[in-house]
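What follows is a walk through one protein chain, from its overall form down to single residues. Keep the sequence and the model side by side while reading.

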Amino acid sequence: MELKEYKKYNEEEILQLYSEVGWTAYTDDMAVLRSGFENSLLVMAAYEGEELLGIIRAVGDGSTIVFVQDILVFPDKQRQGVGTALLKAVMERYQNVRQIELATDNTPKTIAFYKSLGFSELSELGCCGFMRCR
């Protein structure tokens with residue numbers, strides 16, 4: 001597996017990845033998704049040869065805060081270390097940033113995954129989170 005910055009947006013493979021993981025709200029407007037990629041702080045991808053395995057997309061200022069907006073791995077490649085490698089790469093790159101945050105599904109699987117990498121739930125830090133969706 002090779003990790004590298006995802007610099008050339010390939011709509012076909014991004015559409016396939018987001019569709020296969022069920023994130024179709026993002027694919028309803030591919031122009032908006034493309035703009036999100038283009039305006040991200042960092043997008044990294046995991047490849048096996050030419051085959052995309054997954055991506056991670058971070059937003060923020062890269063100095064005081066980084067927010068992991070998306071982390072997606074093709075379903076048949078999950079539980080093989082791809083997501084872990086992608087998230088560790090972001091944490092390494094931004095190791096001096098005080099806050100690396102993310103929002104995720106509230107399932108035992110996702111909670112265990114992020115806790116295994118040193119993340120804490122906001123409530124454990126005396127904080128709470130808010131979100132406004134349209």
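Accessible areas come from the Shrake-Rupley method with a 1.4 Å probe. By that method the chain exposes about 8,600 Å², and carbon and sulfur atoms supply 47% of this area. The model is a predicted one, and every value below is computed from it.

Begin with the fold. The chain holds five helices and five strands. Along the principal axes, the C-alpha atoms fill a box of roughly 40 × 35 × 30 Å.

When contacts between residues at least 6 apart in sequence are considered, 58% of them join residues at least 24 apart. The charged side chains number 14 positive and 20 negative, and the centres of these two sets lie 4 Å apart.

Now turn to strand β4, residues 65-73, where Ile 71 is located. Is Ile 71 buried or exposed? Its relative accessibility is 17%, so Ile 71 counts as buried, the cut-off being under 20%. Neighbours within four places in sequence aside, Ile 71 is in contact with Trp 23, Ile 55, Ile 56, Gly 83, Leu 87 and Tyr 114. Thr 84 is 13 residues away from Ile 71 in sequence, and their C-alpha atoms are 9.8 Å apart in space.

The loop between β4 and α4 (82-93) contains Arg 79. Because its relative accessibility is 78%, Arg 79 counts as exposed; the cut-off for that label is over 50%. Arg 79 is not a glycine, yet its phi is positive, at about 65 degrees. The other residue is Asp 61, in the loop between β3 and β4. With a relative accessible area of 42%, Asp 61 is partly exposed. Asp 61 and Cys 127 are separated by 66 residues in sequence and by 21 Å in space, C-alpha to C-alpha.

The last stop is Phe 119, in the segment after α5 (108-116). At 16% relative accessibility, Phe 119 counts as buried. Which residues does Phe 119 touch, not counting those up to four places away in sequence? They are Leu 87, Met 91, Ile 100, Leu 102 and Tyr 114. Leu 87 and Tyr 114 are also among the contacts of Ile 71. Glu 101 is 18 residues from Phe 119 along the chain, and the C-alpha atoms of the two are separated by 8.3 Å.

Notes:
Residues numbered from 1 in each chain as written. Predicted model: local features only at pLDDT ≥ 70, side-chain atom pairs only at ≥ 80, totals over all residues. Heavy atoms only, no water. Helix = DSSP H or I, 4+ residues; strand = E, 2+ residues; numbered from the N terminus. Contact = heavy atoms within 4.5 Å. Lys, Arg positive; Asp, Glu negative; His and termini not counted. Charge placed at Lys NZ, Arg CZ, Asp CG, Glu CD. Buried < 20%, exposed > 50% of the residue type's maximum accessible area, 1.4 Å probe, protein only.
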